[in-house]
Amino acid sequence: MQTWPERFPELFAADYWAWGDLDVRFQTEEPPDELISNVHVIGRTDGGIVVCGNDLGWRFLPGGTREPGETIEQIVHRELLEEAGARLTGPMTWLGAHRAEHRRPGPYRPHLPHPISYWANVVADVVIEQEPTNPDDGEQVVEVLVLSPDKAIAYLDAQPDGIMGNLVRLAQAMELV
């Protein structure tokens, strides 16, 4: 039987994210909590998976950066509300994380781990209850869709240099969606 890296070589390959000046590599092992700087959610809901688009044309799974003192669950609650108008309705299941080695001399925000941090991904049941709250200091979400897993993958794959379609593929293979 093939390993996850053998089945999903693009997801597990070493990569460079120029926008953040980060060298990254995906893993399924869960890192220490204090090294997680970001969390994204594959949100299962009636009809499929929640995906978002912002005013800059980016397509993504809801999620974002940890605020000072937040737990992983608090990040997920806040980011789901801000970006999708959604609420967590069940437990989170770990999917994996990108280990990020920062090339910049200091952290993006003072409270975030540096020079190593992790961009975590979880799968969870959610319900959309309202419009995204779109705080002024965050990206402005203009589209929240619920798509079947295959359509969510196609939507996310349309994002240039995106990795989130491959996250949904992995979640499908793990029978989490």
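At 9% relative accessibility, tryptophan 17 counts as buried, where buried denotes under 20% relative accessible area, exposed over 50%, and partly exposed the range in between (1.4 Å probe, protein chains only). The model is predicted, so that local features need pLDDT of at least 70 and side-chain atom pairs count only at pLDDT 80 or more, whereas totals for chains, interfaces and linings use all residues. Residues are numbered from 1 along each chain as its sequence is written, and side-chain values use heavy atoms, with hydrogens and water left out.

A search of the whole structure finds five aromatic pairs, a pair being two rings of Phe, Tyr or Trp (its six-membered ring) with centres within 6.5 Å, and the planes counting as stacked under 30 degrees apart, edge-to-face over 60 and tilted for the rest. Tryptophan 17 and tryptophan 19 form a stacked pair, with 5.6 Å from centre to centre and 20 degrees between the planes. In contrast to tryptophan 17, which is buried, tryptophan 19 is exposed, with a relative accessible area of 56%. Tryptophan 17 also pairs edge-to-face with tryptophan 119, at 5.6 Å centre to centre and 85 degrees between the planes. This second pair links distant parts of the chain, since tryptophan 17 belongs to strand β1 (residues 15-17) and tryptophan 119 to strand β9, 102 residues apart; helices (H or I, at least four residues) and strands (E, at least two) are DSSP runs, numbered from the N terminus. Both tryptophan 17 and tryptophan 119 are buried. Together, Trp17, Trp19 and Trp119 form one aromatic cluster.

Of its 44 lining residues, Trp19, His40, Trp58, Trp119 and Glu139 are the closest to the centre of the pocket. On a 1 Å grid over the protein atoms alone, a pocket is an open set of points with protein on both sides within 12 Å along at least five of seven lines, a cavity is a set where a 1.4 Å probe fits but cannot get out, and lining residues have an atom within 4 Å of a point. Grid points are joined across faces, edges and corners, and a volume is the space filled by probe spheres set on the points. At least two lining residues of the pocket come from each of β1, β3 (36-45), β5 (59-60), β6, α3, β8 and β9. By class, the lining comprises 17 nonpolar, 15 polar and twelve charged residues, with Ala, Val, Leu, Ile, Met, Phe, Trp, Tyr, Cys and Pro taken as nonpolar, Asp, Glu, Lys and Arg as charged, and the others, Gly among them, as polar.

The structure also holds one cavity of 30 Å³ or more. About 40 Å³ of space lies in the largest cavity, whose lining includes Trp17, Val24, Phe26 and His98. Strand β2 gives the most to this lining, with three residues, while α2 (9-12), β1 and β2 each supply at least two. The lining divides into six nonpolar, one polar and three charged residues.

Ten salt bridges are present in the structure, each a side-chain nitrogen of Lys or Arg within 4 Å of a carboxyl oxygen of Asp or Glu. One of them joins arginine 103 and aspartate 23, at 2.8 Å from N to O. Arginine 103 lies in the loop between β8 (93-102) and β9 (116-128) and aspartate 23 in strand β2 (residues 22-27), so this bridge ties together parts that are 80 residues apart in sequence. Aspartate 23 is partly exposed, at 27% relative accessible area.

A further salt bridge connects glutamate 67 with arginine 109, the closest N and O atoms being 3.3 Å apart. Because glutamate 67 lies in the loop between β6 (63-65) and α3 (72-84) and arginine 109 in the loop between β8 and β9, the pair ties together parts 42 residues apart in sequence. Glutamate 67 is partly exposed at 28% relative accessibility, as is arginine 109 at 23%. In the salt bridge between glutamate 129 and arginine 87, the closest N and O atoms are 2.8 Å apart. Here glutamate 129, in the loop between β9 and β10 (141-147), is linked to arginine 87 in strand β7 (residues 86-88), 42 residues away.

Finally, Glu70, Arg78, Glu79 and Glu82 are linked in a network of salt bridges. Arginine 78 is placed in helix α3 and is buried, with a relative accessible area of 18%.
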